[in-house]
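Welcome! Let's take a friendly walk through this structure, one piece at a time.

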Amino acid sequence: MIYKTLAERLRIRINSADFAIGDALPSEKRLAAEFSVSRMTLRKAVSLLIEWGLVRRCHGSGTFVAQKDLQHETRGLMGFSELMKELGRPTVSQVLEFRMMGAPPAIASQLRIKADERIYYSRRVRFVEGKPVVLEDSYMPGRLFGNLSVAHLEGSKFAYIIEDECHINIAGNYESFSPILADSTIGALLHVAEGTPLLRLTSLSYSDTGDYINYSVIFRNANEYHVDYHLKRNK
C-alpha cells in the first residue's frame, strides 16, 4: 500500500542525521507535496510512525520525532551490551547453542590456530526491548578462555574478556559488512520473513599480545538496528 511505503521512506529519513529526537517534521502540506500523495495518505503514514513509536503528534503544534530506531554512532571499539547500556536500552542475550569443538579449517584460519584446536562455539540472539535484533555465531580459542560459560554469554562477553576475569586487552577489531537475504532459519530467529534484507557482519578481534581472541559472524535486522560511523583521519 502507498501509505506503508511512504511510512518506510519517512522512517529512513527520521533515522538519518537530518533529524534529532525532538525535531519537528515538516508540515503535512509540505510532505504531501514532496511525495506527491494526498494529505489523507500522508496522515495514514504518520499514524504508522506513531504506532511504531518514532513520532508523536501534538495537537496545534505539529508532529515531532519521539525516538529513533535502535542506533548508535561508532567512534571506538565497544561490545554490543556496552553500547546498548550507554543508550539506555534494556538488552537480553539468549544462548541457543554453546559447546566446545575442534576448529574447522576456515575458522582456524581466521583465528590463526591449528585446525581441530579446541574452540568454543556459541550462537546467541540479542534482544533489545524485547525485539530480536542480532543473531551472533562466535568462535573463541579454548586455551584463552578456560572457564567460559553460558552465564558469561548471557551477559557481556566484552566484560568477561576485558574487565571481570580474563583481563585481556583488546587492541583492535577487523569488520566486514555484506547484505544478505534471510533464510528460513535466520528469519525465524530474528522474527522476520524469509527473504528479508539483513546485514551480515564478520568480526575478528585481536589482543595487544597478538592473539586472535574472537571471530564472530553476526546477522543484524537492518530495519531495527542502524550504525553510524564517525571516522577520524590520522595525519
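Predicted model: local features only at pLDDT ≥ 70, side-chain atom pairs only at ≥ 80, totals over all residues.

Is T202 buried or exposed? Its relative accessible area is 15%, and because buried means under 20%, T202 counts as buried. Which residues does T202 touch, leaving aside those up to four places away in sequence? They are Y174, E175 and S176, along with Y215, S216 and V217.

Now let's move to strand β5, residues 118-128. Here 10 of the 11 residues are buried, so the rest of the structure largely encloses this strand. On one hand, β5 pairs with strand β4 (residues 91-102): the two run antiparallel and are joined by 11 bridges. Look for R99, which stands opposite Y121 of β5. Strand β6 (residues 131-141) also runs antiparallel to β5, with 10 bridges joining them. In that pairing, I119 has P141 of β6 as its bridge partner. Between β5 and β6 the hairpin has two residues, and E129 in this hairpin takes a positive phi near 50°.

Finally, step back to see the chain as a whole. It contains eight helices and 10 strands. Of its 235 residues, 44% are buried. Among contacts with a separation of 6 or more, 57% are between residues 24 or more positions apart.

Note on methods: Residues numbered from 1 in each chain as written. Heavy atoms only, no water. Buried < 20%, exposed > 50% of the residue type's maximum accessible area, 1.4 Å probe, protein only. Contact = heavy atoms within 4.5 Å. Helix = DSSP H or I, 4+ residues; strand = E, 2+ residues; numbered from the N terminus. Pairing = 2+ DSSP bridges.
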